[in-house]
Amino acid sequence: MAVAALAAQRWVLPWLRVDAEGVGTARWVWAETERFELSPATFLLVREFDLTEVPAQARLLTMGDEEYSLLLNGEWVGANRFHPGALLDHWDVTPLLRPGRNRVVVDLRSSHGPGGFVARLVDDHGKVLLRSDRTWRVLRYRVPGVESRAALPPGELPVDLGTSPVGRWGSPAAGSLRPAAGSRDFAEVRALRHRLLGGDAWVEPEEPARTGHPLGRAVTFDWGGPVEGYLALELAGGEGRPGLVVFGDAPPVRERPPADELVLRVPGSNYWVDPLPRRFRYATVVVGEELLDAKVYLAEGARTPSELRAEASRGVLGIVPPPLRAPVEDEIWRELEGLPSGARREAR
């Protein structure tokens with residue numbers, strides 16, 4: 001009996017305490033997919049819920065593997081990417097809630113097949129207002145107005161992967177509480193000029209020409225100086241083809257520069273937001289559809305990629321696995337180079 005009590009004090013009680021402060025009984029979920037599928041995956045996870053009144057404080061804890069971007073009632077909460085040893089994102093979403101019907105829309109992306117997502121919304125007394133489970137719905141195609149009040153299609157049931165600790169995610173603890181992006185006024189900074197990849201002439205478009213006028217399929221954007229924040233792209237179409245982004249303090253000198261980021265979009269979506277804040281001046285974007293605009297949402301108190309890498313180095317055995325993106329990069333470049341000669345010249 002004494003041994004059992006000691007074991008409970010040593011292992012069981014700490015596990016319960018961490019779990020209660022983390023995702024609790026929320027289920028890890030994902031879209032139905034082949035177990036050994038390694039190709040990129042994108043989809044939306046949607047859930048509506050009702051509140052009789054808005055609590056004094058509401059905290060949303062989330063984690064998405066490989067990456068996610070989340071909206072609540074049409075307002076952007078934030079985004080992030082999973083890495084070994086990651087903490088749960090901890091958002092103060094109180095200003096975004098409203099009495100009555102509320103809607104959460106999560107844009108989930110993975111460059112290498114199956115992943116996982118978990119979420120739990122609690123009030124100031126610890127009462128669970130919402131959690132991830134099989135009552136959520138998977139949408140494979142973005143429906144116009146899905147982020148707000150548009151009618152939702154039936155969608156699909158997600159796969160239930162279980163509760164923490166499960167898989168490579170374990171029982172993650174909560175990170176520091178941060179305000180949701182949509183609850184504050186965050187500045188948007190558009191690129192000052194652009195040029196086709198490999199070209200010599202920079203173009204400084206007039207403000208009215210920034211929408212509706214295609215810029216090309218491989219474009220380098222220049223902000224005129226260092227910026228820190230989330231890169232956001234607007235595209236002419238919604239085919240959902242993957243793309244690449246190269247960040248730097250100088251334009252790339254190679255015609256096929258190695259990518260820093262993979263652009264994954266749900267079909268039907270003509271915009272994309274980087275899941276990580278970065279510091280850069282130039283961003284070279286290579287996609288299968290024409291670009292319309294590029295801007296940066298300036299970050300406030302967000303962790304930088306270097307801080308994320310430092311945190312990851314304290315993960316499993318201190319080993320940070322290499323990104324599994326090379327085959328996808330090659331496929332995107334081959335698709336671009338396989339365009340008709342005129343379109344290829346325009347893209348470059």
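Tutor: Helices (H or I, at least four residues) and strands (E, at least two) are DSSP runs, numbered from the N terminus. This is a predicted model: local features need pLDDT of at least 70, side-chain atom pairs count only at pLDDT 80 or more, and totals for chains, interfaces and linings use all residues. Residues are numbered from 1 along each chain as its sequence is written, and side-chain values use heavy atoms, with hydrogens and water left out.

Student: In which loop does Asn73 lie?

Tutor: Asn73 is not a glycine, yet has a positive phi of about 50°. Its place in the chain is the loop between β4 and β5.

Student: Is Asn73 buried or exposed?

Tutor: Buried means under 20% relative accessible area, exposed over 50%, and partly exposed in between (1.4 Å probe, protein chains only). The relative accessible area of Asn73 is 11%, so this residue is buried.

Student: How many bridges pair β4 with β5?

Tutor: Two strands pair if DSSP finds at least two bridges between them. One of the pairs of residues facing each other is Glu67 and its bridge partner Arg81 in β5. Strand β4 covers residues 67-72, and its antiparallel pairing with β5 has 6 bridges.

Student: Why is strand β16 largely enclosed by the rest of the structure?

Tutor: In a regular strand the side chains alternate between the two faces of the sheet. Gly243, Val245 and Phe247 point one way from β16, while Leu244, Val246 and Gly248 point the other way, and all are buried. Strand β16 (residues 243-248) is therefore largely enclosed because the number of its residues that are buried is 6 of the 6.

Student: Which residue in β19 is the bridge partner of Val246?

Tutor: Strand β16 runs antiparallel to β17 (residues 261-263), joined by 3 bridges, and Leu244 stands opposite Leu262 there. Strand β16 also runs antiparallel to β19 (residues 278-286), joined by 5 bridges. In β19, Val246 has as its bridge partner Thr284.
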